[in-house]
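Please work through each task before reading its solution.

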Amino acid sequence: MVQAKLTSIGAALLISFGLATFSSADEAAIELGPWRTHFTWGAQPVRLESEELAHVNIDFPLFEEVENDRADGGKNWRLRTTAPHHSPPPPSGWSAVTFDDSEWPWFEVPLRTGNPRQEPGGMYRSIPQMVLRGRFVADNPAEVGNLRLTVLYVGGVAVYFNGREIARGHLPEGELAPLTVADDYGPEAFLTDDGVPARDRDWQGREEHRLRELTVEIPADQVRPGPNVLALDVRGSALPENGLLRNEALFVDGSPIRNHHQVLKNRHLWSLSGVADVSLKATGGAGFRDASHRGEGVRVWNHPVTERVSVSDSAPPGEPLFPVRMTAPKGGAVSGQVVVAAAEPIRGLAASVSDLAGPDGAAIPAGRVEVRYSIHDGAPPRITRGRQAPAWFDGLEDSPPEETPFFEEHGGAVQPVVFTVSVPSDARPGEYRGTATLTMQGEDQTEVPLRLHVADWALPDRPLSTVFDAVQSPESVAMWYDTPMWSPEHWRLLDRGFQRLGEAGCSSITITLIRRTHFGNEHGMVVWNQQPDGGLVPDLSVAERYIRTAVRHLGRIPIVILYVWEVGATTFHSDGMGATPMDRDILITVRDPDTGLLEEARGPAWGTQECVEFWRPALDGIRDILARHGIADSMMIGVAGDRRPTARAVRTLAAAAPYARWYLHSHNNSPTIHGQETAYWSSVWGSTAEHPDDPSGRNRPAFQRWEEGRPEIRANFPRQRINPQSSPGHYRIMIERVALEQDTRGFGRMGADFWGVLDRRAARFGYDATRVAGAVRFNLSSRYPEAEWRNLGLSYTVPALLAPGEDGPLSSMRLEAIREGIQENEARFFLEQLLADPDSTARLGEDLTARCRELLAERVRACSPDLDMRRTRVIYNSGFQDRRRRLFDLAAEAAARIGNGQ
């Protein structure tokens, strides 16, 4: 190991502590974990050949050609440097014992963000600074004795104990600024013995050159009674230009190889900041409580809403309860949560809230603060490709459990309590304060301070610019709750589900007119009544009530899809763009006039006049229903995929409903299908992303692209980019990330309530399995083999965002994350519209325009589509509350400037 050098600060402390006296046969390890962690991300520091420090962005080409007068005609290349930008550092005072770190996510050590083939911990990312805070409680400092700390790290580290710096290693002396870099590594950390960049397979041989060690002794008189905080400030080192970046492995014939930056990142780079191990030992061996002490009666702690709560979670002893802090626009909603845990089942848990008192006597009444209790039963599927994932809390039940479940294998009971504030559209902006009171049987009540910042920017009226296409499954709801289809109870359950989808900003519904589709519906919502003369008349009563129920909660729905076409018999619907068109026979449901029973039947053949006459009354009738709600133009027909319908089918439907445009769910887009306009495209891959650091110059605002592009709505099908096990923070990231991609506005095609209702596997691909009451169950998506859509089906994304509760569908932590992410998207879109208009930027002025551009650039960097999701979660969730507040406040400032005509 490379022994860390100590600065004068650390050396002075070590001398005053008397290192030689520290030893004990009774020493015991103090477990410090999980750690509250904040990441500062930014451009990668590089040590130039001139020894100067510069910065580069590894996600883009690293070299640019420069003019030269070489006689041989060869090219000269220079390193493409960028501004030394970085995300906000941790707030001042972050190392103090009393610092509020409740918004910071928890991580375990080792915490390294290198390539997983090289190192544990995720993917490479430039993290100039990561700070960690761990706690333990000293009940009797004299029994604790002296402490011996050993840190194994990458880069450099400064160590703070109870707010005081006690040592640092591989860092310069003096104040540590946000962009202070750690000492450089030697070439042996990057290069093999042959002088070429070490590949991922060589990482084990490099560890002895990459890991650094710092050992420091802390005397017993520095240990305070009660909570003690050990904090680490980890800084990254610079990459060397000489040897690594300018290496023959990245050049051929004097020019950089294609995608040289990706080759470097994926094969040779390792993160230059991180913590591999922390060992803290008490020489007295007693008198403390650490992370191993879970059974301490009832405890309540803060938990970021971006992070999952697992049944095995436990806060370290001494974890304080801080105010629950939230930020929302006028007309928006926001959630915060605390977690209640105990060493035995918790009985009689209940929470009540006060009014939230605001500025100048303003108040948000307690009735607008919804208190809900996360449940682990009905959480998203725990089985992915045969692997069992740990149970975690997701669904949000309105009533508390009579007894909080006790997880014996994890040593305790866990119950998250979630507070959701719906801010009135006319609320006075400013700071609001209130209190939530938690009561439990046999325990003293706990007061939880609530803090809400209301920005002076109002969420726009529906429909919103962000697309959130969630597919609701009436059959799944009926089967889960064992209630007849379209019975009064069924309609009550559907109404409740649409209520939650509407709150989140859902912008679509799908009406099935055919049966046995890839949604797994046995019958369509439209049935045909058999007439005495053999004719068929569509009964639209169910479809009409379904539309009415949806509109009640979703408002002016911009996307209404009529499912009238299905691909011909194949299990490879997505087997290639441009595959041979294929129509399935029209499978419909007919009601017997004598018995009233529903029977399976086939409609007329595609391409016949009879088929035109068959479809016309149904499509015209639904359009009339939509017109009564003011959304006739939202109607579109589908569902076309990689395999398109034949010209015969398209022309049949065009003759029956010439006003109807198509919905396309596919890898590749087409503005028309056999001459008929496409109204909505749910894409798989998306398009090239805009990025402020992209040297190609593609950094125009996303909203401007919408106006320049084709007229159809575009959204992204988040296939495999998020899944049922993804944290709420992933959903927040993705709803903004997909809107950064060219011409897309949000999510397309996610399941709302495709729960596990089948006892056998229907689909062969995707995330269709869940565990219900101990048994593996499967959802309805692709229930029928002949309608398998493979990796375009709902089982290949998120089958359910709603959770099945005791009395009906529930919202979930993931759905609430989408809800908040949509609100942030709307504020970002608002600013992008202003920045795309020269008249608006003139009224904003140079300073405000520049601040808007920089804030949007920061958000793009935070969830850049060029970055792997595993590392993006680390980046995006650090400081998300502060970034959210600055976004809404800046939108408010811009709106005021524009409104005042300044």
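A residue is called buried under 20% relative accessible area, exposed over 50%, and partly exposed in between (1.4 Å probe, protein chains only). The model is a predicted one, in which local features need pLDDT of at least 70, side-chain atom pairs count only at pLDDT 80 or more, and totals for chains, interfaces and linings use all residues. Residues are numbered from 1 along each chain as its sequence is written, and side-chain values use heavy atoms, with hydrogens and water left out.

**Exercise 1.** Determine what share of the residues in the protein chain is buried.

Solution. The protein chain has 902 residues. Of these, 61% are buried.

**Exercise 2.** Describe the setting of E816.

Solution. Begin with the secondary structure: E816 belongs to helix 12, residues 813–835 (helices are DSSP runs of H or I, at least four residues, numbered from the N terminus). Next, consider accessibility: E816 is buried because its relative accessibility is 4%. Then list the contacts (heavy atoms within 4.5 Å): leaving aside residues up to four places away in sequence, E816 touches S335, R372, L396, T420 and S811.

Definitions and conventions
Helix = DSSP H or I, 4+ residues; strand = E, 2+ residues; numbered from the N terminus.
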